[in-house]
Amino acid sequence: MIGNDWDTILKEEYEKEYFINIKDKVRSEYNKREIFPPADRVFYAFRMTNYKDTRVVILGQDPYHGIGEANGLCFSVNRGIKMPPSLKNIYKELYNDLGIERTDTDLSDWAKSGVLLLNSVLTVEKDKPASHKAIGWEEFTDNVIKKLNEKEEPVVFILWGNFAKGKMKYITNPNHLVISSSHPSPFSVNYGFFGSRPFSKTNDFLRKNGLKEIEW
């Protein structure tokens, strides 16, 4: 379904009743309503970052719900779309942390570099945030996190905000690093996100473990 090693890792999930129900429900939603991201981008994060090469996980909540925004990667929007406030703050912290000035709103290059940009809920109805929260996606993506926790090779989990921090219970492997702070949204960015230096901390950890750093 995805087209890389995730299909082997998630084979048992695909066969479970809850996942079959998700597929049926989502297919019906796409036929009846305007759903984001486009259907061919629902599993884009997995296609861009295979299991073996995942060195960092950034966890979002659900896709952007405005026209043309969501592209299947958390915090990322299509080029030509106004930069969302959270992404703008992420870039401010990136500049303050590593001196990298970035304007491209599409984070596909991060995904190619080994960053799984995973939303907990993979679809949303137009103009209705969290509208697909009850479909069952969270069971699926929680199990994705559990599979990543099983990796022997170290992984950095970046958890921004209380929702993402709630997934910390699934990250029990001492090989991994969890970096958490407040969310980069304008409402919480000054309560621990600015100054948290997640990008340099990630690369320091990867380097110390003999792994390739992320090209932020």
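## The largest pocket

In what follows, Ala, Val, Leu, Ile, Met, Phe, Trp, Tyr, Cys and Pro count as nonpolar, Asp, Glu, Lys and Arg as charged, and the others, Gly among them, as polar. By that scheme, the lining of the largest pocket splits into 16 nonpolar, eight polar and three charged residues. Bear in mind that this is a predicted model.

The largest pocket holds about 480 Å³ of space, and 27 residues line it. If you want to find its centre, look for Gln-61, Asp-62, Tyr-64, Phe-75 and His-183, which lie nearest to it. Strand 2, helix 5 (85–98) and helix 8 (161–165) each give two or more residues to this lining.

## The second largest pocket

Next up is a pocket with a volume of about 270 Å³. Helix 3 (residues 17–32) gives the most to its lining, with five residues. Among the lining residues are Met-1, Phe-43, Arg-47 and Trp-137. The tally here is eight nonpolar, no polar and four charged.

## Strands 2 and 3

Strand 2 (residues 56–60) runs parallel to strand 3, and five bridges pair the two. One to look for: Ile-58 has Leu-117 of strand 3 as its bridge partner.

Strand 3 covers residues 115–119, and five of its five residues are buried. Val-115, Leu-117 and Asn-119 point one way, while Leu-116 and Leu-118 point the other. In a regular strand, side chains alternate between the two faces of the sheet.

## Ile-35 in strand 1

Ile-35 sits in strand 1 (residues 35–36). Ile-35 counts as buried because its relative accessibility is 6%, and buried means under 20%. Beyond its neighbours within four places in sequence, its contacts include Tyr-30, Val-124 and His-132.

Note on methods: Residues are numbered from 1 along each chain as its sequence is written. This is a predicted model: local features need pLDDT of at least 70, side-chain atom pairs count only at pLDDT 80 or more; totals for chains, interfaces and linings use all residues. Side-chain values use heavy atoms; hydrogens and water are left out. Buried means under 20% relative accessible area, exposed over 50%, partly exposed in between (1.4 Å probe, protein chains only). Helices (H or I, at least four residues) and strands (E, at least two) are DSSP runs, numbered from the N terminus. Two strands pair if DSSP finds at least two bridges between them. Contact means heavy atoms within 4.5 Å. On a 1 Å grid over the protein atoms alone, a cavity is a set of points where a 1.4 Å probe fits but cannot get out, and a pocket is an open set with protein on both sides within 12 Å along at least five of seven lines; lining residues have an atom within 4 Å of a point. Grid points are joined across faces, edges and corners, and a volume is the space filled by probe spheres set on the points.
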